[in-house]
Amino acid sequence: MPNMLVLRPGDANEVVEAYKIILQHTHGPSTLVLTRQAMPTFDRTKYAPASGVAKALTFSQMPLAGNPDVILMGSGSEVSLCVEAGEKLNAAGIKTRVVSMPSWELFERQDAAYKESVLPASVSARVSVEMASTFGWERYTGPKAR
C-alpha cells in the first residue's frame, strides 16, 4: 500500500513512541502491529531509550565499544528473544549488538551514516529473528546471514 507506515514495537516503551510517530504521520496510512503474547518491558536504564523508534530502531542493549562480532535483529515479540540471546552471547565473550527494528520504512529514511552506525558493513555475522518467515530481512542481514 503506498505510503503505508508499519510499526511493530518490541516492548511497551516502544509502543508509546510508535503511537507518537503514528499521530504525526499525516501523508499516508499507519499500522501499529501488536502481539497477543505477554512481553517484557525492558529496563531503559539498562538498555537504550525507546525514543530511538523515531529513527526506526533502538539498540536493545547499549552499544559496545567498537564493532560487534554479531548483530541480532528483530521486531515485535521477537526482540525479547534477541535480547535474551544477546545477553548470553555477551556473557560468553561474543560482542553482540541487539537491534529492535520496529519500522523498515523509517529505517530506510535515515542517512547512510546512521545506517552504517547501526549495521556496520564490516559485520557480516547478522541474524534476523522472525516467526515463520525471513521475508524482507535479507536487505539487512546480507548474503551470509541466517
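Two rings of Phe, Tyr or Trp (for Trp, the six-membered ring) count as a pair here if their centres lie within 6.5 Å. With that in hand, note that you're looking at a predicted model, and that it holds six aromatic pairs.

Start by selecting Phe-42 and Tyr-47. Their ring centres sit 5.6 Å apart with the planes at 70 degrees, so this pair is edge-to-face; the cut-off for that label is over 60 degrees.

Next, pick Trp-104 and Tyr-140. This aromatic pair is tilted, with 55 degrees between the planes and 6.0 Å from centre to centre. Colour by secondary structure here: Trp-104 belongs to helix H3 (residues 104-108) and Tyr-140 to helix H5 (residues 138-141), so the pair links distant parts of the chain, 36 residues apart.

Which of the two is buried, and which is partly exposed? Tyr-140 has a relative accessible area of 3%, so it is buried. Trp-104 comes out at 22% and is therefore partly exposed, given that buried means under 20%.

For a last stop, jump to Ser-51. You'll find Ser-51 in the loop between strand S2 (30-32) and strand S3 (58-59). Its relative accessible area is 44%, so Ser-51 is partly exposed. Draw a C-alpha to C-alpha distance from Ser-51 to Met-73: the two are 18 Å apart in space and 22 residues apart in sequence.

Technical notes:
Residues are numbered from 1 along each chain as its sequence is written. This is a predicted model: local features need pLDDT of at least 70, side-chain atom pairs count only at pLDDT 80 or more; totals for chains, interfaces and linings use all residues. Side-chain values use heavy atoms; hydrogens and water are left out. Helices (H or I, at least four residues) and strands (E, at least two) are DSSP runs, numbered from the N terminus. Buried means under 20% relative accessible area, exposed over 50%, partly exposed in between (1.4 Å probe, protein chains only). Rings of Phe, Tyr and Trp (its six-membered ring) pair if their centres lie within 6.5 Å; planes under 30 degrees apart count as stacked, over 60 as edge-to-face and the rest as tilted.
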